[in-house]
Amino acid sequence: MLATFATITFFLLCIILVASTVTFRTSSILNLKPFFGAGVPKILEGSIHSVFSYANMELLLIIYPYVEHKKDILKAALISTLVITLFLTWIVFTSIYFSGPDLVVKQLWPFSFVAESFKIPVINNFRYIDMVIWITIAYKTVSIEFYATTKILNNITKIKRKTICFILLPIILICPLFFENEVMRRAFMGKIIPWITLFNIAYVTLIALLAFLIDKSKLKHIQKDN
Amino acid sequence: MKRYSLLILSVSCIILYLIFNSSEGNLAIEKVDVCSGLSFDIVTNNPVKEYSVAGSVYIFIKKDEISSGVIEGIGKNIADTRASRQIISAKQYLLGLQKVFIFSEAVATNGIKSIIDIMFSNQQMNDSTWNVVCKDKAIDMLKFKVIDFPSSADHIDGMIESSIEQNFMSSDYKVMDMFVRLDSEGRNLILPYVEIINNRITLSGMSVFKKDKMVATIPIEEAKYMNFLINNKAKGTLTLQKDSSHLISTYGNVNRKVHCKKINGKYKFYIDLEFKGMVVNNTMYNDFMSNPKTVEKYTHELEEETKQRCYEFIYKMQNKYKVDCLELGRVAAATFGRNPETDWDSIVCNSDIIVNVKVKVNNLGRGQF
């Protein structure tokens, strides 16, 4: 059921991205030039901030036992990374192309500004549709992470999954209410998220390396026994 | 029970929502003041600046008859004027459907940054509202009675929207364009300038801003050449006139490309313009329709004359107005690197600007009388 939900939100996101191409008519490429003008060190520094979008890829390891076609899983992982890269680049590109480099830093949500410029006769402001779709996408992300959390906790502590669900639900509903405004949320997230993503990347790379090394030696051991 | 649980859950959610939320925010149209235009004035300057913000609202008294009235509010800042407007109004005020913002000259010369900030942070404001600067008091412009529209704000809205047909005007004078241009590197804000001449609202020029303060007003005859140099894909008329009875007019589109080069630390800008049009009026050359060499001769003469007029305007821009009206700083920043500290106005005023005009006549009409 989560899979169908994720597919639907993917198509909705595609619709927004296609709708934002309308803005290409009114602005010019001069807003983006010079390319690579800031220098490669600054580009690498900026890429650290965007790592957050690639998070949750390691959840692939949790669903691995349930996948039927195990050979295609590598291809699926690579395609999904490519899709995320494409979408992220497209959104940033359109925001800067439309608003110009000086205005983008003044806005809290640059892509919503782009969505506003799409004028259809019936709808007063395309931003409302944009908002509904974003909320659905956020809900999808939260539900996937919730599923992963309950599975992991179930594995560690041997409590039944249903009980974990009911215990975690009030915590998850009430915690976000402590952020009173956007400024507090950004300050809080800015401190925590780099550490979490760094931990995730290090952890997953470590496990991958260990699995790679141990597999070979185990195979040799079994062959020797037989 | 399991089958009905989803239904019960959703119905109870809807009922809860209806109980707690139903009475807010939905009003009948008779209780709402729909505002069609706002005007910004400065009333006094000491000890503290006081703004007078007036809104033109629609009045529906008789059936099929819409008229408008003006509600004025005075306050030390824009948000206080809303409070002051509410105490003389019998209805709730609705933002978000404005067509026009009119700034008076005093407000524009003092700086419009605080007004822009309140527009930017409020999501309900309409981003495709036209901005104009007017002479004298802006509230007189709103109170002016027009015959063909319910309020003068509608009239100005139609005027600016249809002004792209002539004078090489563009439609980039909306609030959204103002946000993008105001603090952008190498770009300056240019807005239409209206005043009341001969009992009619007239677009009498263009006003040029430096950062957020207005520095110059350019009359429409000169502004035509400024628009010719700035706007891509604009329509207008170019006339070659030797005296009262010998003239040729051409109406067409202009396409613009700009390059920038840096030689010995001094910038050189090349503006390439291509003007394609239809000959509208011809009383100068009698063999225009039969001899291709006359057409060539005419295009050369028009090119020379247009170049000369453009250089006249550029000379005035670099020496009298001293502002970069032509968005050349933007091209230079895109080619050579961006730095918010550079003062593109002084760099462009000291650089060489070379204009190349190409004229093509692609339509000769029905014939020559």
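**View 1. Helices H1 and H7 of chain A, side by side.** In this close-up, helix H1 (residues 2–19) of chain A packs against helix H7 (residues 127–157) of chain A at about 150°, their axes 10 Å apart (axes are lines fitted to C-alpha atoms, for helices over the stretch in contact, with angles from 0 to 180 degrees between N-to-C directions; helices are DSSP runs of H or I, at least four residues, and strands are E runs of at least two, numbered from the N terminus). That makes H1(A) and H7(A) roughly antiparallel, the label for angles over 145 degrees. This is a predicted model, where local features need pLDDT of at least 70 and side-chain atom pairs count only at pLDDT 80 or more, while totals for chains, interfaces and linings use all residues. Residues are numbered from 1 along each chain as its sequence is written, and chains are lettered from A and ligands numbered from 1 in the order in which they are written.

**View 2. The four-stranded sheet of chain B.** The sheet is open, with order E10-E11-E12-E13 (chain B) and mixed pairing (two strands pair if DSSP finds at least two bridges between them). Strands E10 (234–243) and E13 (352–363) of chain B sit at the edges with a single partner strand each, so one side of each has no neighbour in the sheet. On average, neighbouring strands here are turned by 35° against each other, direction ignored.

**View 3. Strands E12 and E13 of chain B.** E12 (residues 266–282) of chain B runs parallel to E13(B), and 11 bridges join the two. Zoom in on Glu274(B) and you'll find its bridge partner in E13(B), Lys358(B).

Terms used
Angles under 35 degrees count as roughly parallel, over 145 as roughly antiparallel, 65 to 115 as roughly perpendicular and the rest as oblique.
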